[in-house]
Amino acid sequence: QVQLVESGGGLVQAGGSLRLSCAASGRTFSRNAMGWFRQAPGKEREFVAAISWSGSNTMYADSVKGRFTISRDNAKNTMFLQMNSLKPEDTAVYYCAAHAKESSNPRTWLRIDAYDYWGQGTRVTVSS
């Protein structure tokens, strides 16, 4: 059974930092693109960041560019999201996701329906 499990969420003050982790089990994703999405209360789920299988190619939403960094450790089948300079508007449940197909087209990375596996989410709350 394939599982993606997020961790690292919590309550932080504006300007603070958090590091989210996404641990995969049940299969390896070392040849698959992965991404982070978030869903704020009353809003639709939105793209945050994505990373190629090798880690050499990354993509960010404009709202987090320069503040968030996505990375991965394929040896540990784990992906990370380092979040710095957090703002109250970053408050959301953060989800990790993975593609089932290898070497997917980067143009699909922003699309929710392009991802085949999802975690249950971890809540991030940023207080002002």
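Me: Why is glutamate 46 called partly exposed?

Reply: Glutamate 46 has a relative accessibility of 36%. Buried means under 20% relative accessible area, exposed means over 50%, and partly exposed lies in between, with a 1.4 Å probe and protein chains only. The value of glutamate 46 therefore counts as partly exposed. The model is a predicted one, in which local features need pLDDT of at least 70, side-chain atom pairs count only at pLDDT 80 or more, and totals for chains, interfaces and linings use all residues. Residues are numbered from 1 along each chain as its sequence is written, and side-chain values use heavy atoms, with hydrogens and water left out.

Me: Which salt bridge does arginine 38 form with an aspartate, and where do the two residues lie?

Reply: Arginine 38 forms a salt bridge with aspartate 90, the closest N and O atoms being 2.9 Å apart. Arginine 38 belongs to strand β4, whereas aspartate 90 is in the loop between β8 and β9, so the pair links distant parts of the chain, 52 residues apart. Strands are DSSP runs of E with at least two residues, numbered from the N terminus. Both arginine 38 and aspartate 90 are buried. Salt bridges that share partners join Arg38, Glu46, Arg67 and Asp90 into one network.

Me: How many salt bridges are there by this rule, and why is aspartate 62 called exposed?

Reply: The count comes to 5 salt bridges. One of them pairs aspartate 62 with lysine 65, with the closest N and O atoms 3.1 Å apart. Aspartate 62 has a relative accessible area of 66% and is therefore exposed.

Me: What makes the link of cysteine 22 and cysteine 96 a disulfide?

Reply: A disulfide is a pair of cysteine sulfur atoms within 2.5 Å. The S to S distance between cysteine 22 and cysteine 96 is 2.1 Å, so the pair meets the definition. The link is right-handed, with 60 degrees about the S-S bond, and both cysteines are buried. A search of the whole structure finds 1 disulfide.

Me: What makes a set of residues a nonpolar core, and which residues have the most contacts inside the largest one?

Reply: A nonpolar core is a set of buried Ala, Val, Leu, Ile, Met, Phe, Trp, Tyr and Cys residues joined through side-chain atoms within 4.5 Å. The largest such core has 36 residues, and Trp36, Leu81, Met83 and Tyr94 have the most contacts inside it. Among the strands that each supply at least two residues of this core are β3 (18-25), β4 (34-39) and β9 (92-98). Leaving aside neighbours within four places in sequence, tyrosine 94 is in contact (heavy atoms within 4.5 Å) with residues including Trp36, Arg38, Leu81 and Met83.

Me: Why is asparagine 77 called buried?

Reply: Asparagine 77 has 14% relative accessibility and therefore counts as buried. Asparagine 77 is found in the loop between β7 and β8. Its phi is near 55 degrees, a positive value in a residue other than glycine.

How values were computed
Helices (H or I, at least four residues) and strands (E, at least two) are DSSP runs, numbered from the N terminus. A salt bridge is a side-chain nitrogen of Lys or Arg within 4 Å of a carboxyl oxygen of Asp or Glu.
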